[in-house]
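Please go through the structure below with this briefing at hand. The points are grouped by topic.

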Amino acid sequence: MPARRGKVMLKRIAVLMILVAFCAPTLWAAKQEKTARKLDKELQKVNFTAAVIEGRRVVNRVMAKQLGVSRKQLVIERRRTGLIYGELFAAHELVRVAGLEFDEVAEQFKLGLSLLDISRQGDVD
């Protein structure tokens with residue numbers, strides 16, 4: 001009887017391991033999707049703050065410091081690309097993390113791709 005219980009237990013463990021192996025990519029994708037939605041919400045907060053002139057000054061100053069670029073450069077890039085501040089910040093981060101080209105990322109944003117879509121294309125987690 002104990003030998004049979006051991007076989008049943010091993011069978012259950014094997015089935016569980018197979019299920020985990022098949023479900024892991026789906027769970028990982030769901031986690032990425034959730035994280036991307038959170039990040040999009042945070043970037044929207046940046047955009048809302050920058051929608052008013054006083055907020056725009058603060059956002060520009062903080063982003064310049066965070067990204068290590070001049071405030072003037074951010075204004076020039078924003079005018080040239082048409083990106084809003086949240087997208088501009090995300091574009092700079094994708095360039096830094098994934099080594100993507102800034103103009104390429106900006107173009108993808110202008111085409112309507114989400115941050116998650118662009119990240120997946122650049123193999124960024």
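Helix 4 has 14 residues and spans 20 Å from its first C-alpha to its last, close to the 20 Å expected at 1.5 Å a residue, where the expected span is 1.5 Å times one less than the number of residues. Helices (H or I, at least four residues) and strands (E, at least two) are DSSP runs, numbered from the N terminus. This is a predicted model, in which local features need pLDDT of at least 70 and side-chain atom pairs count only at pLDDT 80 or more, while totals for chains, interfaces and linings use all residues. Residues are numbered from 1 along each chain as its sequence is written, and side-chain values use heavy atoms, with hydrogens and water left out.

**Helix 4 and what follows**
- The buried residues of helix 4 are Tyr 85, Gly 86, Leu 88, Ala 90, Ala 91, His 92, Glu 93 and Leu 94; buried means under 20% relative accessible area, exposed over 50%, and partly exposed in between (1.4 Å probe, protein chains only).
- Gly 99, which follows helix 4, has a positive phi near 70°.
- Glu 101 lies in the loop between helix 4 (85-98) and helix 5 (102-110).
- Glu 101 counts as exposed because its relative accessibility is 55%.
- From C-alpha to C-alpha, Glu 101 and Ala 91 are 8.9 Å apart in space and 10 residues apart in sequence.

**Helix 5**
- Gln 108 is in helix 5 and counts as buried, at 12% relative accessibility.
- Leaving aside neighbours within four places in sequence, Gln 108 is in contact with Leu 113, Ile 118 and Gln 121; contact means heavy atoms within 4.5 Å.

**Helix 2 against helix 3**
- Helix 2 (residues 53-67) and helix 3 (residues 71-81) pack at an angle of about 110°, with their axes 8 Å apart.
- That angle makes helix 2 roughly perpendicular to helix 3, since angles under 35 degrees count as roughly parallel, over 145 as roughly antiparallel, 65 to 115 as roughly perpendicular and the rest as oblique.
- Residues making the contact include Arg 56, Asn 60 and Leu 67 of helix 2, and Leu 74 and Arg 78 of helix 3.

**The chain as a whole**
- The chain has six helices and zero strands.
- Of its 125 residues, 28% count as buried.
- The mean pLDDT of the chain is 77, and 71% of its residues reach 70 or more; pLDDT is the predictor's confidence in each residue, from 0 to 100.
- Among the elements of the chain, helix 3 has the highest mean pLDDT (94) and helix 1 (residues 2-50) the lowest (64).

Note on methods
Axes are lines fitted to C-alpha atoms, for helices over the stretch in contact, and angles run from 0 to 180 degrees between N-to-C directions.
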